Amino acid sequence: MRYPAAPPYINIRPRVGFLYCKLLFKLFTCLEHVILEVMSCLKGINLGGWLVAERWMTPDLFEGVQNDGEISLVRELGKDEAARRLDAHRGSFITKKDFMWIRQHGFDVIRLPVGYWLFEETPDFIDGEEYLKKAFQWADEYGLKVILDFHGLQGSQNGLDHSGRVGPVHMYWPWNKRKALQTLEYMCQTYGNEPALIGLEVINEPSDSWFLWRLMRYYDKAFTIAEQYLPRDCRIIVSDAFKPRTMAKRLLRKSYAHRIVLDIHLYQAHYLDNDPHATPLTLNQHIDVVENEWSSLLEELSSNFEILVGEWSGALPSAAYKSIEGGELVGVGTYIHAQQKLYQQRAWAECYWTYKAPGLGIWDYHTLDNK
């Protein structure tokens with residue numbers, strides 16, 4: 001950028017002219033910094049439900065299956081039928097045309113959830129690494145960046161269906177943690193130099209009721225692996241485990257704190273499910289949460305870390321949109337805009353959940369955008 005000298009029509013002595021130029025230089029530098037700060041947040045979207053199957057997003061895939069989690073497909077249907085269904089699903093749910101649509105609609109990055117079973121043959125899952133390789137090819141072709149998200153770990157890191165299996169958390173058992181780190185190392189070695197890779201998330205939404213010490217030990221080992229294989233411009237991303245302030249304090253004690261991005265997931269869709277005594281909020285009250293509570297949180301966290309808002313949505317309890325004239329059709333844009341404005345100010349990147357969720361309204365960005 002060229003910075004202007006003092007205007008020639010001003011009759012000033014050389015020393016004053018030098019100070020004038022110096023002042024202008026500082027002014028333009030500050031303006032440039034502000035502009036970059038405002039425009040620096042990457043616009044992203046999740047490809048949920050594709051390579052980690054979830055019943056609520058793809059119920060047809062789970063037809064005739066009683067239990068949740070991708071593991072149930074093999075256990076209840078058998079290997080052959082599960083492989084047939086998953087191959088058909090993976091080959092059609094997301095295609096090259098979707099990557100083109102995502103780029104044409106202004107997105108910079110995709111967050112791509114994967115489970116460990118994608119990379120190896122196991123008795124209870126169907127592998128499918130070829131689809132991940134296609135994703136990187138398509139992303140590179142259309143100029144999209146990829147956040148590779150280790151979404152399902154051996155033994156399950158949270159006992160929820162999106163980890164691949166529902167039940168107890170067994171990821172911290174020594175043999176499962178060792179296998180998870182081996183899978184992470186394979187991911188870093190194999191995809192670390194992909195041109196489209198902009199970040200690798202070492203775990204998604206972990207649960208650790210033991211005061212986070214087990215998770216912090218995993219982070220120590222995961223960071224060592226990622227740092228060994230990933231280029232310097234590739235972000236190493238860790239989850240806040242839904243305890244953002246506590247996690248931030250723990251991470252600041254680590255020697256690698258400067259090198260990591262903190263992933264935080266922000267939803268207001270489920271609070272009534274989690275607390276039956278909670279009072280339903282109006283849309284304006286939900287927006288107040290964004291503009292006050294979330295704003296304060298992100299301002300605090302972003303003072304020490306780059307922030308990835310790895311999951312967020314326009315979804316709210318139905319009562320919120322009924323509280324305004326025009327309902328959901330009018331209100332969803334207002335709520336989404338309030339969030340995007342905040343993330344633009346405080347986040348390195350934000351990723352809407354999710355790109356495709358047929359029949360699920362606001363959760364399905366592809367349909368939402370077309371409306």
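Strand 1 (residues 42-46) and strand 2 (residues 109-115) run parallel and are joined by three bridges; strands here are DSSP E runs of at least two residues, numbered from the N terminus, and two of them pair if DSSP finds at least two bridges between them. In strand 2, Val-109 is the bridge partner of Gly-44. This is a predicted model, in which local features need pLDDT of at least 70, side-chain atom pairs count only at pLDDT 80 or more, and totals for chains, interfaces and linings use all residues. Residues are numbered from 1 along each chain as its sequence is written, and side-chain values use heavy atoms, with hydrogens and water left out.

Strand 1 also runs parallel to strand 8 (residues 349-352), to which four bridges join it. There, Lys-43 stands opposite Glu-350 of strand 8. Four of the five residues in strand 1 are buried, that is, under 20% relative accessible area with a 1.4 Å probe and protein chains only.

Let's move on to strand 3 (residues 145-152), where you will find Asp-149. Asp-149 counts as buried because its relative accessibility is 0%. Beyond its neighbours within four places in sequence, Asp-149 is in contact with Arg-111, Leu-112, Pro-113, Val-114, Glu-201 and Asn-204, where contact means heavy atoms within 4.5 Å.

Finally, have a look at the loop between strand 4 (197-201) and helix 7 (213-229), which holds Trp-210. Helices are DSSP runs of H or I with at least four residues.

How values were computed
Buried < 20%, exposed > 50% of the residue type's maximum accessible area, 1.4 Å probe, protein only.
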